[in-house]
Amino acid sequence: MATTKRSTSDACSLLDADHRKVKKMFKDYEELTGSRAASATRKKRELANEICNELSVHAQIEEEIFYPALRAAIKDTDLLDEAEVEHASAKDLIAQIRDASDVDDMFDAKVKVLGEYIDHHVKEERSEIFTKARATRKLDLVAMKEQMQMRKEELMNELAPEMAA
Ligand SMILES: [Fe+2]
């Protein structure tokens, strides 16, 4: 079935798989926030690093490939402007989390707020941006998926070679 295929294997579905993956990591993080055990602290630091890596790569493939293509194909680009502004705030928080030396209450707060940014980002993409991308005939979202997948692997390798293996 062409429609099903289109929605399960295009550029939007690749991005949405990232969204689901990272939401799960935020949830795992939240479950650890009550604990002061050293193992929980270590796990939180690891999860936070993974979240930051996933989101940086996700933002970069959106900015390099998805948003510019969409910008050229659709008329109403306000949403894309907003998405790029939101990316800038998220990146600032990601940098703060990466640089933090302690996994304390402020660290938890930063991860929580980053999760809220991402929830909002996901809502906007699912309800508006992906809908518009799939509605236009000017984009080959299946070919774009391949391109983004390749770029993603490349970027993941640069960031965390041991994780991308
Ligand atoms: Fe996204």
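Val-111 is buried, at 3% relative accessible area (buried is under 20%, exposed over 50%, partly exposed in between; 1.4 Å probe, protein chains only). This is a predicted model: local features need pLDDT of at least 70, side-chain atom pairs 80 or more, while totals for chains, interfaces and linings use all residues. Residues are numbered from 1 along each chain as its sequence is written, and side-chain values use heavy atoms, without hydrogens and water.

**Exercise 1.** Find the contacts of Val-111 beyond four places in sequence.

*Solution.* 
- Contact means heavy atoms within 4.5 Å.
- Val-111 then touches Phe-26, Tyr-29, Ala-48 and Ile-97.
- Take Ile-97: 14 residues away in sequence, 7.3 Å C-alpha to C-alpha.

**Exercise 2.** List the donors of the iron ion.

*Solution.* 
- Count N, O and S atoms within 2.8 Å of the metal (3.2 Å for Na, K and Ca); water is absent, so sites may look incomplete.
- The donors are His-19 (NE2), His-58 (NE2), Glu-62 (OE), His-121 (NE2) and Glu-125 (OE), at 2.0 to 2.3 Å.
- Their sequence spacing reads H-x38-H-x3-E-x58-H-x3-E.
- His-58 is buried at 4%; Glu-62 is buried at 0%.

**Exercise 3.** Classify the aromatic pairs.

*Solution.* 
- Phe, Tyr and Trp (six-membered ring) pair with centres within 6.5 Å; planes under 30 degrees apart are stacked, over 60 edge-to-face, the rest tilted.
- The count is 2.
- Phe-66 and Tyr-67 are tilted: 5.9 Å, 45°.
- Phe-66 and Phe-130 lie 6.0 Å apart with planes at 70°, so this pair is edge-to-face.
- Phe-66, Tyr-67 and Phe-130 make one cluster.
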